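Visitor: I would like a close look at a single part here, strand by strand, with the terms spelled out. Please keep it brisk.

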Amino acid sequence: MSAKTLYTPNKNNAIEAQSLKIIFNEKNENRLELIDDFSYKFTKNKIYFICGDSGAGKTTLVSHFNGILKSRHGNIWIEDFLIDEKKRKIRKYKLLRKKIGMVFQFPEYQLFKSTIEKDIIFGPIALGINKKQALINAKKYINLVGLDESFLPRSPFDLSGGQKRRVAIAGILAIEPDILVLDEPTAGLDPHGEREMIDIIKQYKNTGKTVIIISHVMDHVLEIADEMIILGNKKILVAGKPYDVFTNNEILTKTTLNKPKIINTIETLVEKDKRFNKLFDIQPRTVEQLANAINSIITQKKYAK
């Protein structure tokens, strides 16, 4: 009896990984076990961050989610699509790629068509979306990433680095995957570009989609993550809501990850005045929210006198 008949995935989950092991060169002396046992359920319509030290297997892990890599140990459900450990190859991979879109680090290097429009519609058409709908999607998603339709006839090679990245992401969004995976999406961007990228991610989630992000920028994790996962020692070290993870000093000492600046600021304030412990209950995610929360506590302290 196959795994498909034994188990039916929860319809509320975007991805379910069951006992996934990632092993390279399994049958020779260069054997490398990168992930020993990864089991996790990604609920739909949330933003997840996967974090960890360099070499923890973050990019390799998400490459198994859309079939770029495949393990013989453990099953992965992408909604109702099974990547079966018992099968050597993934059948109907186009269906899988329409469910989960992946944007690699520095995706702008993948642009190659003569116009932005041709670049955006290339992926959707390759996956079976008709040209008319692909052109409609190109107009829709060039706007979503902060550009406009006047860019479509232009050459992608005349754009700035940040604009190229937005065009590359628009090409993945135009496939309209239910799940979007981004590998270090803000790498190499200036602060303005980082802010635009964060806004794009939040907008895509607001359309009812699930987003999984690999990042080393803990400030971004605190700001927009619904849940985060830290990988280390071939497994999940911890998973949960950002404030729960970032205040778990025992776990954080096992990695080189830095706490977000907001968390560090709160801890410094608490050392000076225990009243600021309330900030851990308020859980501000942005500098503006932190400033408002601090002002509220100070105001309450004045009135208490």
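Guide: Helices (H or I, at least four residues) and strands (E, at least two) are DSSP runs, numbered from the N terminus. This is a predicted model: local features need pLDDT of at least 70, side-chain atom pairs count only at pLDDT 80 or more, and totals for chains, interfaces and linings use all residues. Residues are numbered from 1 along each chain as its sequence is written, and side-chain values use heavy atoms, with hydrogens and water left out.

Start with Q18. This residue sits in strand β1, which covers residues 13-24. Q18 is partly exposed, at 23% relative accessibility. The scale runs thus: buried is under 20% relative accessible area, exposed is over 50%, and partly exposed is in between (1.4 Å probe, protein chains only). Contact means heavy atoms within 4.5 Å. Setting aside neighbours within four places in sequence, Q18 contacts Y7, F38, S39, G74, N75 and W77. E194 lies 176 residues from Q18 in sequence and 34 Å from it in space, C-alpha to C-alpha.

Now the sheet. Two strands pair if DSSP finds at least two bridges between them. Six strands form an open sheet in the order β6-β7-β8-β3-β9-β10, and the pairing is mixed. The edges are β6 (100-103) and β10 (235-240). Each has a single partner strand, so one side of each lacks a neighbour in the sheet. From one strand to the next, the twist averages 15°. For angles, axes are lines fitted to C-alpha atoms, for helices over the stretch in contact; angles run from 0 to 180 degrees between N-to-C directions.

Look at one pairing. β7 runs parallel to β8 (residues 210-214) over five bridges. Here I179 faces T210 of β8. Two helices pack on this sheet. Helix α6 (residues 161-173) touches β6 and β7, and its direction makes about 165° with that of β6. Helix α7 touches β3 (47-52), β7 and β8; its direction makes about 150° with that of β8.

The loop between β7 (179-183) and α7 (191-206) holds E184. E184 is not a glycine, yet has a positive phi of about 50°. E184 counts as buried, at 11% relative accessibility. K92 is another non-glycine residue with a positive phi, about 55°. K92 lies in the loop between β5 (81-83) and α3 (93-99). K92 is exposed, with a relative accessible area of 67%.
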